[in-house]
Amino acid sequence: MGSVPPFSSTDESVSNRVRIAHEVPGPDPEYAPRAPTDTLLYSVLYQELEPFLQRANERGQPAPRFVEQTLRAYLRCGVLAHGFLRLHCDACKLDRLVPFSCKRRGVCPSCQGRTMADTAAHLVDRVLPHVPIRQWVLTLPYPLRYRCAYDAQLTSDVLRTFVRALFAGIRRRARRDLPPQASRPNPCGAVSFLQRFGSALNLNLHFHTLALDGAYLYQPSPRATPTFVTAPPPTAEDVARVLAGTARRLKRLLIARAENSEGRQDALERDEPLLALLTQASLRTRIATGPEAGHKWKRLGDRVEPAAQVPGSQTRSADAHKAIARYGEMSLHADVAVPANDRKRLERLCRYAARPALAHDRLAAHPDGSLTLRLKSRWRDGTTHIVMQPRDLIDRIVPLIPPPRAHQVRYHGILAPAASLRDAVVPASVQPDSEGTTTQLLSDTEPAEPAPAATHDAMKPRRTRWAALLQRVFAVDALACPRCGATLRLLAAIEDPAVARAILGCLALPARAPPPATGQPTASQPDPDPDPPFEFDQRTDYEET
Ligand SMILES: [Zn+2]
Ligand SMILES: [Zn+2]
């Protein structure tokens, strides 16, 4: 801490220079003011968190640690009074305070929005080859959605089962236009996103798999670049065959698991009764707790006849030509494809697949105290909004928080981290930037290649501390001076809320944090399961660059 230049209320040169991000007209429109405590989501969760936890305790169904920590972390996210980095621009003398971000999954629209953008950029720049890519969306039967919700191993097994059937189908299609004597295209590749939610904030675990729409030919020489054979577009029959193959393999998988766990009760209900209760209610779109428990979620909208039942309906005939298959409660959609070099559209598709459960503008308050959630698109029965009481909101959000350490992005086949041909097909690698700041930003994804931090320079302790500190904010644009664009220098990290408040007070900046009351982890009581993990040393001399 000795390196922090002293702040005092009389030091005008300092306080005049200090600006928080939204006071500085930045050249980047993405530098929108961020006032996390002004949102409806924040104020509802702030009001409702303690009563929620208390009611759960009274029912003998305490909230799991990761759930409570995620909700509390969201209430601290982006709030200067809970700590910040002090960054300085040597070129134009701007001082900038950047609050810490929670970087949690499941609740925080801001952090998930950043993760979405970072993940999409990473995939387009470094992972997905310049070949046609098709999105496959697999929805699971209800019992499996429930069982997979907190069982990461089962989820991985189910996903692997699907990808195996998918790759078999892609190879079949890729061979279709080749002469019979041609060598058979084999290696396939894909990236999957695990999405937990539907647009009504209901638990709906499903997969968005972006698969290379074809397969590679094995090369005569290992050094040659593999040739990609683009598959013709899938027919409805092709999609149905992939789904039927998935269902067949899933049945075998589930039978095998049932044999291994003979007579075992619902483990979730036994171990985490609160999660079991909220998850079941969410799956059935029923109110979980309170006076209206068991009732269906209230909906708004002009009820219309489901399109498929309207005689002569356009929708139905259009559906017949679409690459959509259904099998019991499962469905598989394969209509969206991106041509080889449309990287902009590919990035949009990646962002769509990695998007957060909730955007602030979909939630609104009504004078009677209820909340409405606008659906992204109208349901077939005409529903446009879901109505809930503020106390219901946490019940709806909790099942959407993924269990700790379950990766939400997976790589398959030739794109898997250890695949031997991977380096030959991914886009030409990008040099790590000089500050090493892109390191490990993608906390949600499996490591797909050695992180830039593994370079010799980045292994130096000073670099590692930099990287660890910067992990706690979204460093990519925090590091650019919003006034002149030069790279900002890290002067200090203020982690102790008391110190943070004192400094903010001196600078006449809002120092009062919404204090998420009791038992909240503080700097002295570190979060035992941070996500992503970080460690850093307060004694570090940050002045060095
Ligand atoms: Zn956050
Ligand atoms: Zn500057």
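Four donors count as tetrahedral if all angles lie between 85 and 135 degrees. In this predicted model, the 4 donor atoms around the zinc ion (ligand 1) subtend angles of 103 to 114 degrees, so their arrangement is tetrahedral.

The protein donors are the SG atoms of C77, C102, C108 and C111, which lie 2.2 to 2.4 Å from the zinc ion (ligand 1). Along the chain, these donors follow the spacing C-x24-C-x5-C-x2-C.

Two of the zinc donors, C102 and C111, can be assigned by accessibility, for which buried means under 20% relative accessible area. C102 has a relative accessibility of 11% and therefore counts as buried. C111 is likewise buried, because its relative accessible area is 1%.

C89 has a relative accessibility of 0%, so this cysteine also counts as buried. With a disulfide taken as a pair of cysteine sulfur atoms within 2.5 Å, the count comes to 0 disulfides.

Strand 10 comprises residues 324-327 and strand 11 comprises residues 330-338. The two strands run antiparallel and are joined by 4 bridges. Within this pairing, R326 stands opposite S331 in strand 11.

The hairpin formed by strand 10 and strand 11 has 2 residues between the strands. In this hairpin, G328 adopts a positive phi near 60 degrees.

Conventions:
Residues numbered from 1 in each chain as written. Chains lettered and ligands numbered in written order. Predicted model: local features only at pLDDT ≥ 70, side-chain atom pairs only at ≥ 80, totals over all residues. Heavy atoms only, no water. Donors = N, O, S within 2.8 Å, 3.2 Å for Na, K, Ca; no water. Tetrahedral: all angles 85-135°; square planar, octahedral: opposite > 155°, others 65-115°. Buried < 20%, exposed > 50% of the residue type's maximum accessible area, 1.4 Å probe, protein only. Pairing = 2+ DSSP bridges.
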